[in-house]
Amino acid sequence: VFTDKCTGESQTLQVADSSIFNMSYKSQLYWTHKIDTPVKSNSSVHYTLTFRSVNNRNRNSTLIVGDSNTVNIYFAHEKGKRSVMGNNIYGRRVKCFTIQDINPKEYIGFRYIVLQVGLNNMKTRYARADGSMDIEGMFNQFLEKLIDIHRLCPYSQIIVAPIPPIDSNLGRYLQPNTGTNDRIHLGRLGIAKLALMIKEVITGRKYRVDGRSYSDVARMRTTSTAPT
């Protein structure tokens with residue numbers, strides 16, 4: 001009997017005698033499963049074998065869910081790319097430009113899930129008719145997404161990075177001035193600072209580049225959360 005973790009719906013699979021059913025690790029993240037108690041009989045015997053592969057890389061496996069400010073965050077195992085996450089953190093980055101784009105089903109199987117999303121929701125096209133922003137609505141939608149992630153990924157640690165301030169204090173951590181007055185997108189040094197801040201939360205170690213931490217400059221802090 002298999003039960004969908006998202007919907008709670010169950011499905012039954014009839015198996016023949018002397019058959020083997022192979023269930024992958026990832027499928028167990030979506031489904032719970034059990035074997036109905038067979039009718040008592042001397043010949044009613046079943047065996048369950050579990051094989052596990054334990055690798056140190058899984059200890060810090062990280063998924064970065066982010067907008068364009070995370071596009072240049074690469075991991076050491078990504079060929080042809082310059083890693084900003086160091087050699088001890090493995091994972092990948094998936095693009096997610098708005099809160100609405102958060103898809104918890106894609107995030108299963110990682111130890112850490114980092115969310116750097118929300119800045120694009122502050123753009124005028126998401127404003128109310130009177131031009132104001134529905135901050136409370138955005139927060140509630142984000143919270144619902146976090147609850148969904150926590151339900152599907154109960155063993156993952158969720159890391160929420162606040163929206164970077166649109167502030168001239170970020171200065172040289174933004175992209176070089178191209179005449180467009182871009183006060184949103186991080187440049188090379190800003191990406192390095194953001195990556196270091198994420199690593200601090202994951203490893204519990206303090207990293208400093210250019211004499212200051214990213215939070216010193218941007219006045220923001222990455223927080224870990226497990227919604228209840």
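In what order do the elements of the chain run from the N terminus on?

**Figure 1. Overall fold of the chain in the predicted model.** From the N terminus on, the elements follow the order β-β-α-β-β-β-β-α-β-α-α-β, which comprises four helices and eight strands. The chain has 228 residues, of which 34% count as buried, and its accessible surface comes to about 15100 Å², with 49% of that area belonging to carbon and sulfur atoms. Among contacts in the chain with a separation of 6 or more, 63% are accounted for by residues 24 or more positions apart.

**Figure 2. Close-up of the salt bridge between Asp 148 and Arg 151.** The structure holds one salt bridge, and in this pair the closest N and O atoms are 3.1 Å apart. Side chains of opposite charge can pair when their charged atoms come close. Both Asp 148 and Arg 151 lie in helix α2, which covers residues 135–152, and they are three residues apart, about one turn of the helix. Asp 148 is partly exposed, its relative accessible area being 27%, and Arg 151, at 39% relative accessibility, also counts as partly exposed.

**Figure 3. Close-up of the second largest pocket and its lining.** The space in the second largest pocket is about 270 Å³. Twelve residues line this pocket, and the closest to its centre are Arg 82, Ser 83, Val 84, Arg 188 and Ala 192. Sorted by class, the lining of the second largest pocket consists of seven nonpolar, three polar and two charged residues.

Notes. Residues numbered from 1 in each chain as written. Predicted model: local features only at pLDDT ≥ 70, side-chain atom pairs only at ≥ 80, totals over all residues. Heavy atoms only, no water. Salt bridge = Lys/Arg side-chain N within 4 Å of Asp/Glu carboxyl O. Helix = DSSP H or I, 4+ residues; strand = E, 2+ residues; numbered from the N terminus. Buried < 20%, exposed > 50% of the residue type's maximum accessible area, 1.4 Å probe, protein only. 1 Å grid on protein atoms, 1.4 Å probe; cavity = no way out; pocket = protein on both sides within 12 Å on 5 of 7 lines; lining within 4 Å. Points joined across faces, edges and corners; volume = space filled by probe spheres on them. Nonpolar A, V, L, I, M, F, W, Y, C, P; charged D, E, K, R; others polar. Contact = heavy atoms within 4.5 Å. Areas by Shrake-Rupley, 256 points an atom, 1.4 Å probe, with all protein chains shown as cover.
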